[in-house]
Structures are given as structure tokens and as C-alpha cells.
Amino acid sequence: MEIRKYQQSDCRELTELFYNTVHTVNAKDYTKTQLDAWATGQVDLDKWNQSLQEHFSIVAVENEVIVGFGDIDSAGYLDRLFVRADYQGRGIATVICTQLEQAFKGNITTYASITAKPFFEKRGYKVVEEQQVERQGIYLTNFVMIKEY
């Protein structure tokens with residue numbers, strides 16, 4: 001597996017990976033209505049690309065296929081961390097997350113889904129609060145989590 005910096009040409013593939021991962025991996029913790037509100041399938045590629053370029057963003061590639069990605073901003077907010085459903089449990093998220101954490105010096109915050117909460121807890125993140133996030137009039141539970149350094 002290769003970890004490399006995000007490139008603009010990755011953007012569409014990342015949005016598809018995001019959609020497919022949310023709708024499969026997170027389906028055990030959220031309703032179909034919630035999943036549809038979270039990952040609509042209608043994305044603004046320019047906005048995604050701009051965000052990914054502004055953040056420290058990396059992708060994991062195996063056999064020329066992007067199998068995961070993540071990003072962290074300059075304030076220490078770990079924004080996205082997603083691994084293809086068929087590559088879960090292989091340590092890919094761990095490798096990506098470690099590199100994101102090493103790229104930032106200081107406390108790191110993330111908004112973890114119900115599904116991702118145990119992963120972050122194992123890495124030493126602590127829940128600050130549970131929150132309800134609104135997407136298109138639908139509410140989803142997630143957790144504000146911080147890893148202190």
C-alpha cells in the first residue's frame with residue numbers, strides 16, 4: 001500500500017469512496033434516511049477539491065485503486081477519514097490517521113460518527129460531547145472527540 005498526497009485528479013474517486021463507505025459501513029448505525037442526508041451522491045467537486053487542497057490530505061492506494069483517504073486542517077481538525085468498505089479491518093485507517101496526526105503538532109479534534117467512535121477511542125481520543133448534526137432537515141448523532149498532546 002502506498003500513501004501519497006492528495007491530487008486534484010483524485011477528487012471524483014474520493015467522493016465516490018465517501019458515498020459508498022457511508023452507505024455500507026455506517027448502515028449498521030444510521031437509518032437509510034440519515035445515510036441519504038449525510039451522503040447524498042450529489043457533491044460539489046470544486047468545493048471538495050478546494051477543501052482537500054487547503055488541508056493536509058492523503059490517500060492510500062493499493063494496486064492503483066484508492067482504498068482510503070483522510071485530511072486534517074491547519075487548526076488540528078481531522079475532517080475526513082474513510083476507507084473502502086471492502087478494505088475495512090486491514091489497518092488502512094490506522095496508517096492514514098497516524099500520518100494525519102503526525103502532520104499536526106497540538107491537540108486534534110474530530111467529529112466521529114457512531115461507527116468511527118470506537119476507532120478513535122482506541123487511539124486515545126476522548127469524547128467531549130455527543131451532538132446532533134442537521135443535514136437537510138435530518139439529524140445524525142456524532143461525537144466531538146479530542147486527542148490531547
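I count two strands as paired if DSSP finds at least two bridges between them. Strands (E, at least two residues) are DSSP runs, numbered from the N terminus. This is a predicted model, so I note that local features need pLDDT of at least 70, side-chain atom pairs count only at pLDDT 80 or more, and totals for chains, interfaces and linings use all residues. Residues are numbered from 1 along each chain as its sequence is written, and side-chain values use heavy atoms, with hydrogens and water left out.

Strands. I found β1 (residues 2–5) running antiparallel to β2, joined by 4 bridges. Glu 2 stands opposite Val 61 of β2. On to β3 (residues 65–72): it pairs with β2 over 7 bridges, again antiparallel. There, Gly 68 is the bridge partner of Ala 60. The β2–β3 hairpin has 2 residues between the strands, and Asn 63 takes a positive phi near 50°.

Rings. I searched the whole structure and got 8 aromatic pairs (Phe, Tyr or six-membered Trp ring centres within 6.5 Å). Tyr 30 and Trp 38 have ring centres 5.4 Å apart and planes at 70°, so I logged them as edge-to-face (over 60 degrees). Tyr 30 is buried, at 6%. I also noted that ring pairs link Phe 18, Trp 48, Phe 69 and Phe 82 into a cluster.

Note on methods
Rings of Phe, Tyr and Trp (its six-membered ring) pair if their centres lie within 6.5 Å; planes under 30 degrees apart count as stacked, over 60 as edge-to-face and the rest as tilted. Buried means under 20% relative accessible area, exposed over 50%, partly exposed in between (1.4 Å probe, protein chains only).
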